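Subject: Structure handover

Hi,

Here is the structure I promised to pass on to you. Please open it alongside this message, and then read on for what turned up.

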Amino acid sequence: MRVDHLSLTNFRNFVRLETALPAGALILAGANAQGKTSLLEALYLFTSAASPFADSDRQVINFLAMREAQPVARLLAEVRNRRGPVRLEVRLLFEPLAGGEVRFRKEVLINGVRRKPAELAAHFNAVLFLPQELRVVEGAPAERRRHVDELLAQVDSHYVAALSDYQRVLTQRNALLRQLQERGGEAGQLDFWDEQLAASGATISLARSLALAELERTAQPVHRRLTRQTEALQLAYRPSIDPAAPEADRGNGALQRELPLPVAVDRGRFALEDYRLLFAQRLRDSRSDSIARGTTLCGPHRDEWRLLINGIDLGTYGSRGQARTGLLALKLAEVEWIRARVGEWPVLLLDEVLSELDRTRRADLLEHLGSAEQAVLTTSDPEMLPASFRSQAPTWRLEAGTLRPE
Ligand SMILES: Nc1ncnc2c1ncn2[C@@H]1O[C@H](COP(=O)(O)OP(=O)(O)O)[C@@H](O)[C@H]1O
Ligand SMILES: [Mg+2]
């Protein structure tokens with residue numbers, strides 16, 4: 001798939017941008033602060049109407065437009081996927097409410113018809129390579145959960161629904177737990193929420209387990225090639241609710257993290273019902289602890305997964321270089337994974353990632369880009385790219401929010 005035409009209004013530093021985009025690889029050159037990252041962010045927004053930069057959805061509206069009575073950022077893409085052309089529109093806006101309040105809202109239109117943001121992914125997929133994504137390897141578990149959630153959201157609308165159900169029920173269950181903690185009451189009131197939590201939670205755990213196993217299988221040969229067969233990558237899923245280790249966690253969460261779980265756990269034999277029953281049982285077992293702590297102690301919101309190299313935790317013990325290589329193998333595997341799931345190439349968006357890679361890894365990545373239907377890569381220094389690549393891919397220059405072929 002590819003984006004043939006992009007139009008931005010009041011998005012970041014683009015007051016107005018109207019441009020065709022070529023198929024194949026495009027080098028987007030420009031000095032700092034000209035809008036290179038913002039342009040990739042704009043393209044990525046067509047996957048889910050959510051900015052890849054956590055919590056920054058409302059910051060994308062152009063500063064000057066924010067002074068208007070109804071600030072709105074408008075993004076429009078003419079996309080071509082294997083089913084044909086489709087017109088995607090995302091609007092992020094503040095609307096005035098009575099009493100001087102404002103409300104932030106998103107609108108999505110597909111071929112001019114209002115749709116849910118989650119429906120975008122059925123028409124457009126992209127994989128974004130960002131230097132700051134190293135935090136997926138080195139950062140807190142929430143970063144890794146978010147990463148795999150975002151990936152799954154691109155191919156599985158049921159997953160998106162389960163995730164939003166889960167969040168909603170978890171919030172309500174936690175509110176009830178706090179109430180029981182403070183004022184006491186009938187613990188049986190939890191039954192209703194437990195049942196719903198177990199259902200959506202099981203969908204999440206199963207999907208994450210399958211996705212991570214598939215990603216691992218895809219990433220391993222890529223990683224072996226990148227490290228010239230010297231290192232073996234593993235993605236170790238450590239679900240809070242784990243049918244492969246049903247005794248591991250009695251609900252206090254902390255216990256499981258300390259257990260040296262075997263890395264290569266095959267959870268392929270477990271079905272949705274196994275996860276659901278186990279989760280329901282855990283919720284029952286941990287009920288009195290949960291009331292005492294006023295929060296839900298087990299479930300996918302406590303899941304963890306780690307990248308391991310030769311059996312050693314990359315986030316804790318790996319070098320910077322190893323972490324970058326592990327992440328690159330993971331991202332390339334994500335491209336393959338989406339491609340296998342949706343039956344065509346996602347659009348590849350690479351933000352200044354080449355400068356961090358050594359020559360072999362850079363060559364490997366560029367080779368990958370060569371076969372994608374569309375890839376946009378930003379750089380402040382196109383000279384850094386191999387001449388062979390630059391002779392194939394056009395360079396466009398971005399200056400103060402305007403784009404022109406060089
Ligand atoms: N909401 C906004 N309105 C206007 N300008 C913005 C907004 N958000 C960010 N910017 C500015 O846009 C410019 C481009 O940022 P960025 O896309 O990161 O540039 P680059 O990747 O080329 O270095 C920066 O100067 C940044 O401060
Ligand atoms: Mg940038």
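Before the ligand, a word on classes: Ala, Val, Leu, Ile, Met, Phe, Trp, Tyr, Cys and Pro are counted as nonpolar, Asp, Glu, Lys and Arg as charged, and the others, Gly among them, as polar. With those classes, the shell around ligand 1 holds four nonpolar, nine polar and two charged residues. There are 15 residues around ligand 1, and N13, A33, K36, T37 and S38 come nearest; a residue is near a molecule or strand if its C-beta atom, placed from the backbone, lies within 6 Å of it.

This is a predicted model, in which local features need pLDDT of at least 70, side-chain atom pairs count only at pLDDT 80 or more, and totals for chains, interfaces and linings use all residues. Residues are numbered from 1 along each chain as its sequence is written, while chains are lettered from A and ligands numbered from 1 in the order in which they are written.

On confidence: the average pLDDT (the predictor's confidence in each residue, from 0 to 100) is 92 for the protein, and 95% of the residues score at least 70. Residues 250–259 have a pLDDT below 50, and beyond near neighbours in sequence this stretch has 21 contacts in the model. Contact here means that the C-beta atoms of two residues, placed from the backbone, lie within 7 Å. Where pLDDT is low, the predicted coordinates should not be read in detail.

Now the domains, whose bounds come from an automatic or database domain assignment. Domain 1 covers 2–125 + 346–405, and domain 2 covers 135–320. Their centres, taken over C-alpha atoms, are 31 Å apart. Eight residues from domain 1 and six residues from domain 2 make the contact. On the domain 1 side, three of these are nonpolar, three polar and two charged.

Next, the sheets. Helices (H or I, at least four residues) and strands (E, at least two) are DSSP runs, numbered from the N terminus, and two strands pair if DSSP finds at least two bridges between them. Axes are lines fitted to C-alpha atoms, for helices over the stretch in contact, and angles run from 0 to 180 degrees between N-to-C directions.

One open sheet has six strands with mixed pairing, in the order β8-β12-β13-β3-β14-β15. β8 (126–129) and β15 (402–405) are at its edges with a single partner strand each, so one side of each has no neighbour in the sheet. Ignoring direction, neighbouring strands of this sheet are turned by 20° against each other on average. Within it, β3 (residues 24–29) and β13 (residues 374–379) run parallel, joined by six bridges, and A29 faces T379 in β13. Helix α1 (residues 36–44) packs on this sheet, touching β3, β8, β12, β13 and β14, and makes about 155° with β12. Helix α10 (residues 320–342) lies across β8 and β12, at about 175° to β8.

An open sheet of three strands has antiparallel pairing in the order β9-β10-β11. Its edge strands are β9 (233–238) and β11 (312–313). Six bridges link β9 to β10 (residues 304–309), with L235 partnered by L307 in β10. Across β9 and β10 lies helix α5 (residues 190–226), at about 170° to β9.

Finally, β1 (residues 2–11) and β4 (residues 72–81) run antiparallel with seven bridges; L8 is opposite L75 in β4. β4 also runs antiparallel to β5 (residues 84–96), with ten bridges, and the two form a hairpin with two residues between them. N81 has G84 in β5 as its bridge partner.

Best wishes
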